[in-house]
Amino acid sequence: MIIVDVHEPKVVAELLKEKGAKVEIKPLTPGDYIIGDLGIERKSIGDFYRSIIRKRLFEQLSSCLLYTSPSPRDRG
């Protein structure tokens with residue numbers, strides 16, 4: 001199961017589904033994608049640089065690493 005944030009491009013979820021992945025689209029706070037217990041934050045080069053300059057990169061990484069996959073009943 002791959003959980004995709006509602007703000008991510010729809011084409012990404014569609015391509016994942018074409019490849020056979022089970023995809024759920026929902027609002028995510030820790031990152032842009034969740035696969036199992038792993039949070040993934042997708043960034044453009046500009047976003048990456050801004051996150052470093054604003055000293056938010058490690059906060060965002062920590063948020064993704066601390067994510068615990070919701071139980072099936074919490075998934076909506």
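Author: Start with a term. A residue counts as buried when its relative accessible area is under 20%, and as exposed when it is over 50%. Keep in mind that this is a predicted model.

Reader: What share of the residues in the chain is buried?

Author: The chain has 76 residues. Buried means under 20% relative accessible area. By that cut-off, the buried share is 29%.

Reader: In what order do the elements of the chain run from the N terminus on?

Author: The chain holds 3 helices and 4 strands. Read from the N terminus, their order is β-α-β-β-β-α-α.

Reader: How many salt bridges does a search of the whole structure find?

Author: Side chains of opposite charge can pair when their charged atoms come close. The cut-off here is 4 Å between a side-chain nitrogen of Lys or Arg and a carboxyl oxygen of Asp or Glu. Searching the whole structure gives a count of 3.

Reader: R42 forms a salt bridge with which residue?

Author: The closest N and O atoms of the pair are 2.5 Å apart. R42 sits in the loop between β4 and α2, and its partner in the loop between β1 and α1, so the bridge ties together parts 34 residues apart in sequence. The partner of R42 is E8.

Reader: Is E8 buried or exposed?

Author: R42, at 42% relative accessibility, is partly exposed. E8 has 8%. The limit for buried is under 20%, so E8 counts as buried.

Reader: What is the N to O distance in the salt bridge of K43 and E41?

Author: K43 is partly exposed at 25% relative accessibility. E41 is partly exposed too, at 31%. Their side chains meet with an N to O distance of 3.9 Å.

Reader: In which helix do R50 and D47 both lie?

Author: Their side chains meet in a salt bridge, 2.7 Å from N to O. R50 is partly exposed at 38%, and D47 is partly exposed at 32%. The two are 3 residues apart, about one turn of the helix, and that helix is α2.

Reader: What is the phi of K55, about?

Author: Most residues other than glycine have a negative phi. K55 is not a glycine, yet its phi is positive. K55 lies in the loop between α2 and α3 and is exposed, with 72% relative accessibility. Its phi is about 60°.

Key: Residues are numbered from 1 along each chain as its sequence is written. This is a predicted model: local features need pLDDT of at least 70, side-chain atom pairs count only at pLDDT 80 or more; totals for chains, interfaces and linings use all residues. Side-chain values use heavy atoms; hydrogens and water are left out. Buried means under 20% relative accessible area, exposed over 50%, partly exposed in between (1.4 Å probe, protein chains only).
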